[in-house]
Amino acid sequence: MELLSVTSPVFRNNKAFKVGLRLVWACGFFLILVSFYATTQMLPSQFLDHSFTDSGSPTITIFAAPRPFSGSVGARQALAVRSWLGLSADIAVVLFSQDPSVFAFAGAFSSRVSVEPNIDFTFLSTPFFHSMVERSLASSSDISVLVDAEVILLPDLISTLDHVYKLDQDWFLVASTRKVSNFPFQLDADGKYWLTVDSRHIRTEKLQGSLLHRWQWNYCEERMLLAWNNGDFPLHTGVLPPFLTGKGLHNHWVINEALLSDFRFVFDASGTISNFHLNGQDDGAYKSTGDSKAHDVEKKIWENLVNSYLGALYGSLSFHEANYSSLVKLVICDGRYLFVNMAEDIVYPVGYQRSLSNWTAGFSTSRRKKKIFDCVDYFKSLDRTKNCSMKDQLKSSAPLSLPFSLKFLLSTRADQNNTIALAIAGYSYKDMLMSWVCRLRRLLISNFLVCALDPEMYEFSVVQGLPVFKDSFAPTNISFDDCHFGTECFQRVTKVKSRVVLQILKLGYHVLLSDVDVYWFKNPLPVLNTFGPAVLVAQSDEYNITGPINLPRRLNSGFYYAHSDALMIAALEKVVKHAAASNLSEQPSFYDTLCGEGGANRVGDNRCLEPETLLTVHFLDRDRFPNGAYQGLWDERNVKAACLKKGCFILHSNWISGRTKKLERQVLSGLWEYDISKRMCLQSWQSTKYARDWLLAMLKRFIPLFGFIRTGSRRRKALGDASMSLNLNIQLKDITVRVVHAGGREELYHNAIPASQLLKKYPGMCVARPEVFKNPNESILSPEEKLLPGHKYYIIPSTTVQKVKRKHSKKKGEEPAGCKEGRTGKKLLLLMQVEISQMVLCVLQRITTFPRVGGLDVRRKKTTKESNNSSPPTKSQDRVRNWIGSPA
C-alpha cells in the first residue's frame, strides 16, 4: 500500500487538515508568546521598565565623590547628602570613596546611601572622573545625577527631572552651582524641613528667595551638576580621558563633547534647579585621603596640569570650543517649564515642538503672553556665559612630573614591613603594566612603585595616577615592538632592573621585583616575608615536572624577593658588576654569580649558597609560583581555575617571545584586568552593565513582533518608537560619515572630513575603507583624502595594516600613505593610545563585556614555530608548540 504524503492532493484539499495546521500554528505562536512573557517576568527589574504606563516618577541615583567626613568639610558634605535624601524617599545616593569615614557615614542611612570603592583612584586616592562617569552610566536607575559632594539641592531638582524625563529623546542636563557665603539654615532630624537659627521651619520658596539675589550663571565655575536619562545614545562620541576629579576642565570637556557630538539634547537647567555650596576656606582644593604629607607638596598643582594636558590632547576643546551662550536654557515662567534659545530668540514649552508664538495663539488675553515674555527677558538678562572660555587653561608649558622624590614615594608607599613591590617597564609594555596595577588594586595591595624606563612611560604613569619615578641611567633607544628575550634591547633593559633594586635596598627597603607579565592570584608577600634576611627568594625557570629546580641558569630574575641587609646588598652588587661586563641579559648573571657557573654552588634541589657573602638563594615551589612552561598551565582550557586548583600565588607569562604574543595569551586566558579602550581597570559592575545592555538588545529584536514589551527607560509607545528609532538610525547612516573602531565603536560626522583630522586624533592608526583586508594597497586613505557622508571607514592600527599588506601587496615594506601623518609628534601624542592588534582588542572586549556561552573556547591556535636553542625539551609535542622563544 502506498503511503500518502502530507503534500499530496488528498491532504491539501482536506478542510479538516487545513484547520488542524492552523490550530497547530496558533498553539505554537501562543506558546512562544507565553514563554517570552514568562522570561520577562523572571528577569531582574533593572532589565525592564519600572512601569508600562506614563504615570509615576523616574528613579534617580545621585553620584558624588566626597572627601573624608571630618572637620568643616565633613560637616558641609553631611548637610549636602542629607539635603539630597530629603528630596524624595525614592532617591538613592552612591558615594565614590575608599576612606573608612565615608563608609561609617553611609552606614547611618541603611541602604539609601552606599559606597562604591570599585572605581579607579590615583595613588593619592583622588578619584578618576572617567571611572565615576562610567560607573554612573552603568546604573539601572532612570536618571543619573553627578554632583559635587558639598552641593546642597532643593526640591525643584525633583520637579525639573520629572518634567524633562518625559522628553521623547535622550538628553543631557547641566546646571551651574552658586556659592553662598552665609547660609544660616539647618535641616531637621529627619532631613525633610529646613530650620532657621531659632529652629523654626522655613518654607522652601522663602529659602530660595533669600538666595535669589546671588543668582548668576557662571560656566567658568568648575563645580556643576550633570544629569542624564538612561537612554539609547552615549553622552558623546569618543573616549573620556582619565581626568582627575575636582582638578578642573573635566565638566566643561564633557559638555563640549556632548554639544559637538549631537547625540543628545543638551540644555542648561540652572534656571530651574537650585543648587549651591557653602563658601569654605579650602574651596577648589579636592584633597585626597592619602598621607597628610602628600597634601602639602606644592598643593598638588601637578594634578591640575594633568587635566590641562588631557583637555588639550583629547577631544575638541583645544580647537573647537562650543559656545555656551547658544546653549538652550530651561526656565520656569508663570508656572510653566520653557526652553529658551537665547541666541536665536526661540521659546517653546517642554514637550512642545513649536515656538511660543504658535503655542500662545489660543490665549484669550495677552496678559499671560506678556508675563511669560517678560519672564524670559529677565532670564536672558542674567546670562553671563558669553565671555567664558576654557582654552586659557589648556595652555600649559610645564612638564608632566610628580613633585615627589624616590625617598618620599618609598616612605609613603611601603607597607608595615618596609616592603615595596616594584615594576620596571618601558612604554611598549604600558598596557601590561596597567593590567598588573589593576590586579594589585583588586587584591587591595597598595605598596607598589613603578620605575619608568623612558619619558613616554613616565608621562603615561603620571596621567594614570601611578606612584612612578624615573631611572636616569635607563637606555634611551628602547624598541617598541622588538624588546623581548634574546634581543639586544632586552639585554640593556634587564640590566637596569638589578641596579634599581640595589638602589632601593641601600635606602633600607625590602623589594619584591615583579615583571608586569606576572599575574598575581593572591598576595605573595606574607609567604616571602617568612624567609627573613640573607635569603634571595626567586622563581625557578625549570620546565621539567620532576628533578631539581635549581639547575644551571634556571633562576628567573623577573620575580624575586630581596631583603634589605648587608649580605643581600653585597651579593647584588656582585650581580650588577657581572651583568655590566656581560654581553647577555642580567638573568644569567644572577645564576652564575650566586649559584656558580654550571651550578657549582648548588645545595640540594632548590637552593644555592654564595660562598663569599654566604647569601642563600631559595628557588620557589613551582606549584605555587609556576613559570610559563611548567605543566602547560597556559594551555589549559580554564587557566585561572587550573592555577587556583594548584594553589598558585602567581603565574609568569614567560617562555614565549614577543610583547604581542604575551599580551594575546593573557587576554585570551582571561588573566587580564585592564580595559584598554576606556583607560580604566575592569570592575565587577561593568559585566553587569554589559549583560544588561546585551539582554536589552536581544529583547528589542522582539519589539516588532511583541509590541506590548517595553525595554526603554522612557515612557513611550514601544512599537512606534522602535520603528522611529530604527528609521532614525538608518537615516543617520545615510547622511553621516561613519568611522568604525576596533570592537565596533562608531563615530559619526555630519560633514565630509579630511583623513588628516582623524590621523592627528588617533596617532599610530590608519584610516581605511571596509575592503582593506581584501585589498589593502588601495584601501588606505592618504591624509589629503576626504571621508564622505553615507560611507563607512575603519580606524585600524598601522601594525595591522603592515601585516595585511605584506600578505597582499607586491611592494613589501612600503609604509601605508595614510599612516605617515599620524606618526608625527609620537612622544607627545602616543600617550595612552591603543597599540594593539585589532584581533586582540576585539577578543578583549568580547571577554570583558559578557561571559563565555556554552563553554566556547576562544584560545588562539597553536603555532608550530619554536625556538632553535632555548625552548625546553618536553615529552608533549603539543606543549612545545606553545613555547615560542625563550623565557623572559
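Arg 67 is buried, with a relative accessible area of 8%. Glu 150 is buried as well, at 2%. This is a predicted model, so every value I quote is computed from predicted coordinates. The side chains of Arg 67 and Glu 150 meet in a salt bridge, at 2.5 Å from N to O. Arg 67 sits in the loop between strand E1 (60-64) and helix H3 (71-85), and Glu 150 in the loop between strands E4 (143-146) and E5 (151-153), so the pair ties together parts that are 83 residues apart in sequence.

How many salt bridges does a search of the whole structure find? The search finds 22. I will show two others.

Lys 646 and Asp 623 meet through their side chains at 3.0 Å, N to O. That pair links distant parts of the chain, 23 residues apart: Lys 646 is in helix H21 (residues 639-646), and Asp 623 is in the loop between strand E26 (616-619) and H21. Lys 646 is partly exposed, with a relative accessible area of 26%. Asp 623 also counts as partly exposed, at 28%.

Next, Glu 785 and Arg 769 form a salt bridge, again listed at 3.0 Å, N to O. Both lie in the loop between strand E33 (765-768) and strand E34 (786-787), so this pair ties together parts 16 residues apart in sequence. Glu 785 is partly exposed at 29% relative accessibility, and Arg 769 is partly exposed at 26%.

Back to the opening pair for a moment. Salt bridges with shared partners join Arg 67, Arg 76, Asp 148, Glu 150 and Arg 223 into one network.

Which residues touch the most other members of the largest nonpolar core? They are Phe 172, Leu 422 and Trp 520, out of 128 residues in that core. Helix H15 (residues 430-442) gives the most to this core, with 7 residues. A second, separate core has 57 residues, including Leu 85, Leu 157, Tyr 165 and Trp 171.

Leaving aside residues up to four places away in sequence, the contacts of Phe 172 include Leu 226, Trp 228, Val 254, Ile 255, Ala 258 and Phe 267.

Val 254, Ile 255 and Ala 258 bring us to helix H8, where they are among the buried residues. H8 covers residues 250-261, and its 12 residues reach 16 Å from first C-alpha to last, close to the 16 Å expected at 1.5 Å a residue. Of those 12 residues, 10 are buried. The buried residues pack against helix H5 (129-137), strands E6 (171-176), E11 (224-229) and E12 (265-268), and helix H10 (301-313). Just after H8, Asp 262 takes a positive phi of about 60 degrees.

Last, helix H19, residues 566-580. At 1.5 Å a residue its 15 residues should span 21 Å, and the end C-alpha atoms are 21 Å apart, which agrees. Buried or exposed: which is it for Met 568, Ile 569, Ala 571, Leu 572, Val 575, Val 576 and Ala 579? These residues of H19 are buried. They cover an arc of only 165 degrees around the axis, which puts them on the same side of H19. An α-helix has 3.6 residues a turn, so residues three or four places apart point the same way. On the other side of H19, Ala 566 and Lys 577 are exposed. At the start of H19, a side-chain oxygen of Asp 565 comes to within 3.1 Å of the backbone nitrogen of Leu 567.

Definitions and conventions: Residues are numbered from 1 along each chain as its sequence is written. This is a predicted model: local features need pLDDT of at least 70, side-chain atom pairs count only at pLDDT 80 or more; totals for chains, interfaces and linings use all residues. Side-chain values use heavy atoms; hydrogens and water are left out. Helices (H or I, at least four residues) and strands (E, at least two) are DSSP runs, numbered from the N terminus. The expected span of a helix is 1.5 Å times one less than its number of residues. Buried means under 20% relative accessible area, exposed over 50%, partly exposed in between (1.4 Å probe, protein chains only). The arc is that of the directions from the helix axis to the C-beta atoms. A polar contact is a pair of N or O atoms within 3.5 Å; within protein, one must be able to donate a hydrogen and the other to accept it, and residues adjacent in sequence count only if both atoms are side-chain atoms. A nonpolar core is a set of buried Ala, Val, Leu, Ile, Met, Phe, Trp, Tyr and Cys residues joined through side-chain atoms within 4.5 Å. Contact means heavy atoms within 4.5 Å. A salt bridge is a side-chain nitrogen of Lys or Arg within 4 Å of a carboxyl oxygen of Asp or Glu.
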